[in-house]
Amino acid sequence: MKINPISFLYVLWYQYLLSLEEIELAFDKETLVYFAQDAMKNKTGARGLRGVLENYLQKIMYDAPILKKEGVTKITLNMNYINTKEIKDLVLEKKVEKAA
């Protein structure tokens with residue numbers, strides 16, 4: 001199955017929302033396939049995709065200001081997070097502070 005993230009308007013929407021906190025949101029390929037298959041399995045289409053994304057991104061959106069204060073600049077959703085919904089299972093990239 002070929003997945004084109006550009007076609008997922010809701011993915012772009014959540015990327016935009018997190019960019020307001022100066023955090024980049026990325027998805028590994030396996031996770032995007034999971035989202036698409038889940039929406040297709042339920043025969044819900046784009047609205048179903050929105051619900052699936054919302055289910056997994058709600059906690060991240062809530063914690064985004066805290067993550068920003070901790071220096072997180074990029075969050076990558078992976079299947080570990082999908083299985084646990086624990087922030088500790090996300091791939092987080094932080095700002096590298098330069099030594100003076």
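This is a predicted model: local features need pLDDT of at least 70, side-chain atom pairs count only at pLDDT 80 or more; totals for chains, interfaces and linings use all residues.
The protein chain contains four helices and three strands. Along the sequence, these elements follow the pattern α-β-α-α-β-α-β. Of the 100 residues, 38% count as buried. The accessible surface of the chain comes to about 6,800 Å². Carbon and sulfur atoms account for 52% of that surface. Among contacts with a separation of 6 or more, 60% join residues 24 or more positions apart.

The three strands form an open sheet. Their order is E1-E2-E3, and the pairing is mixed. Strand E1 (24-27) and strand E3 (91-94) are the edge strands, each pairing on one side only. On average, neighbouring strands of this sheet are turned by 20° against each other, direction ignored. Helix H1 (residues 9-19) packs on the sheet and touches E1 and E2. The direction of H1 makes about 150° with that of E1.

Strands of a sheet pair through backbone hydrogen bonds, in either a parallel or an antiparallel sense. Strand E2 (residues 72-77) and E3 pair in the antiparallel sense, over four bridges. Valine 72 stands opposite lysine 94 in E3. Threonine 76 is also of interest and is found in strand E2. Its relative accessibility is 15%, so threonine 76 counts as buried, the cut-off being under 20%. Leaving aside residues up to four places away in sequence, threonine 76 touches Ala26, Phe27, Asp28, Leu90 and Val91.

The aromatic residues come next. A pair of aromatic rings is described by the distance of the centres and the angle of the planes. The count comes to five aromatic pairs. One of them joins phenylalanine 27 and phenylalanine 35 edge-to-face, at 6.1 Å centre to centre and with 80° between the planes. Phenylalanine 27 is buried, with a relative accessible area of 12%. Phenylalanine 35 is buried too, with a value of 1%.

Tyrosine 34 and tyrosine 56 also form an edge-to-face pair. Here the centres are 6.1 Å apart, with 75° between the planes. Tyrosine 34 lies in helix H2 (residues 29-41) and tyrosine 56 in helix H3 (residues 45-69), so the pair ties together parts that are 22 residues apart in sequence. Tyrosine 34 is partly exposed, with a relative accessible area of 26%. Tyrosine 56 is buried, at 8%. Phe27, Tyr34, Phe35 and Tyr56 form one aromatic cluster.

Methods:
Residues are numbered from 1 along each chain as its sequence is written. Side-chain values use heavy atoms; hydrogens and water are left out. Helices (H or I, at least four residues) and strands (E, at least two) are DSSP runs, numbered from the N terminus. Buried means under 20% relative accessible area, exposed over 50%, partly exposed in between (1.4 Å probe, protein chains only). Contact means heavy atoms within 4.5 Å. Accessible areas come from the Shrake-Rupley method with a 1.4 Å probe; for residues, only the protein chains shown count as cover. Two strands pair if DSSP finds at least two bridges between them. Axes are lines fitted to C-alpha atoms, for helices over the stretch in contact, and angles run from 0 to 180 degrees between N-to-C directions. Rings of Phe, Tyr and Trp (its six-membered ring) pair if their centres lie within 6.5 Å; planes under 30 degrees apart count as stacked, over 60 as edge-to-face and the rest as tilted.
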